[in-house]
Amino acid sequence: MSDYSYITEALYSGETVRGMSLKPESIPCFLTTAFTMRGFKEVQETYATKGYTYVRTRNPNRTALGEVISCLEGGEASLVFASGMGAITSTLMTLLNPGDHVICNANIYGETFEVMTEILPKCGVEVTFVDYQNTDDIAKAVRPQTKLIYSEVLSNPTLTLVDLEAVAKIAHDNGALLMVDNTFTTPIAIRPIQFGADIVINSLTKFLNGHSDAIGGSITTTQALCDKIQPVAMLLGTPGDPFSSWLIHRGINTASLRLPQAMHTAEKLAKVLSEHRHVSRVNHPSLSTYPQKALADRMFGKNGYCAMLSFIVPEDLEKIDQFMLALRFPRYAPTLGGLHTTLSHPVTSSHMGVPDETRRKMGITPGMIRVSVGIEDPDDLAADFENALKVFD
Ligand SMILES: *Cc1c(COP(=O)(O)O)cnc(C)c1O
């Protein structure tokens, strides 16, 4: 019989599991906001060795997931965040000071663009946007204050490729860092560090988790830089929570199986669409008609190019609507990188706010449909698109 109330006993039960010397085969989810200590000696040791204290500072599920990402990206260390945007903003806030200058690819993810145009100027940082197709223009935009050059590997939704090696050279010749968003491509297709990137960011929400059920982001860079970014992230409140990190860890473990399959299916779909009478253009690096084919073949490895593609049908919004309704499998979704194939219509969603003339210059017309390819059987998926395209007959 206990001397304490059952209420108190219940609160302190589970002690044998908590002080675990178990060896679980998979990583458990550490759903705890803190790790307890006993006595000043243990408290001092834990803080001195950067052990686990409070969840926003460090958490075992983030550590474990970060190790997986470091392996995949081929980088020294990684940090895990509550979202891709958390990873981007925390890194920029750490690296940049008032008076600094950033060069950014003009064709980037919408919210990253807004950070560059709305948040960084408030911090006294100037941003110059450059079309990265002409690397000479990047070199021309460099100033003595240029600290950072920012890019994605493939642009959304036109899938224009950036010559990372050339951009890295410009950055390093001028004492700047190259930061690359690898979300569309993932380290299964390309590892930007091999091409000279200093910092790689991923939205884990997309292909790397791949199951459309968690939001997260990461950065991969040197240990020294991670050690600088981690305390800033802790203050900004951007680190990821244990459960999302655990879910993403579970998802990322099959990325090496899912992604080559999805990229293979994307290649097959791109080919079928490119031969279709109602499709005037398909953007995918696997196609022989891809304008940067030689560069793509130099940059991408054996696993594939990417699981994203876009294509152009006649500019008839009513027919495009009918086409989307006629598809048996893909649904419209304002995200990408899931198990199911999803699509979006950039002109009425992600690029709604961009003037028509500017959009057309970027290659984004009202006939463009963007596809995030999932893991369906390639023949089934191609047949579904061919059938739905009959609405244009
Ligand atoms: C989704 C996305 C992001 C932002 O990631 P979140 O996890 O949604 O914050 C950044 N870059 C690219 C290319 C993306 O597709």
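**A ligand pocket and some backbone details**

Visitor: Where is the place of Pro157?

Guide: Pro157 is in the loop that runs between strand β4 (146-152) and helix α8 (164-173). Please keep in mind throughout that this is a predicted model.

Visitor: What kind of peptide bond joins Asn156 and Pro157?

Guide: The bond between Asn156 and Pro157 is a cis peptide bond, and its omega is about 0°.

Visitor: How far is an oxygen atom of the ligand from an N or O atom in the side chain of Thr205?

Guide: For Thr205, the distance from a ligand oxygen atom to a side-chain N or O atom is 2.6 Å. An oxygen atom of the ligand is also 2.8 Å from an N or O atom in the side chain of Ser203, and for the side chain of Lys206 the corresponding distance to a ligand oxygen is 2.8 Å.

Visitor: And how much of the ligand's area does the protein bury?

Guide: The ligand on its own would expose 380 Å², and 94% of that is buried by the protein. As for where this happens, the space that the ligand takes up is the largest pocket.

Visitor: Different topic, then. What is phi of Thr186?

Guide: Phi of Thr186 is near 70°, which is a positive value in a residue other than glycine. Thr186 belongs to helix α9, made up of residues 186-189, and with 1% relative accessibility it counts as buried.

Visitor: What about Ser212, what is its phi, and where is its place?

Guide: Ser212 is not a glycine either, yet its phi is positive, at about 55°. Ser212 is found in the loop between strands β6 (199-203) and β7 (217-221).

Visitor: Is Ser212 buried or exposed?

Guide: Ser212 is exposed, because its relative accessible area is 55% and the cut-off for exposed is over 50%.

Visitor: Let's look at His101. Which side chain does it make a polar contact with?

Guide: The side chain of His101 makes a polar contact with the side chain of Thr128, at 2.6 Å. His101 sits in strand β2, which covers residues 101-105, and it counts as buried at 1% relative accessibility.

Visitor: Last one, Tyr52: where does it lie, and how far is it from Met37 in space?

Guide: Tyr52 lies in the loop between helices α3 (39-48) and α4 (60-73). From C-alpha to C-alpha, Tyr52 and Met37 are 10.0 Å apart in space, with a sequence separation of 15 residues.

Visitor: And what does Tyr52 count as in terms of accessibility?

Guide: At 29% relative accessibility, Tyr52 counts as partly exposed, because that class covers values between the 20% limit for buried and the 50% limit for exposed.

Definitions and conventions: Residues are numbered from 1 along each chain as its sequence is written. This is a predicted model: local features need pLDDT of at least 70, side-chain atom pairs count only at pLDDT 80 or more; totals for chains, interfaces and linings use all residues. Side-chain values use heavy atoms; hydrogens and water are left out. A polar contact is a pair of N or O atoms within 3.5 Å; within protein, one must be able to donate a hydrogen and the other to accept it, and residues adjacent in sequence count only if both atoms are side-chain atoms. Accessible areas come from the Shrake-Rupley method with a 1.4 Å probe; for residues, only the protein chains shown count as cover. On a 1 Å grid over the protein atoms alone, a cavity is a set of points where a 1.4 Å probe fits but cannot get out, and a pocket is an open set with protein on both sides within 12 Å along at least five of seven lines; lining residues have an atom within 4 Å of a point. A molecule sits in a cavity or pocket if more than half of its atoms lie within 2 Å of its grid points. Helices (H or I, at least four residues) and strands (E, at least two) are DSSP runs, numbered from the N terminus. Buried means under 20% relative accessible area, exposed over 50%, partly exposed in between (1.4 Å probe, protein chains only).
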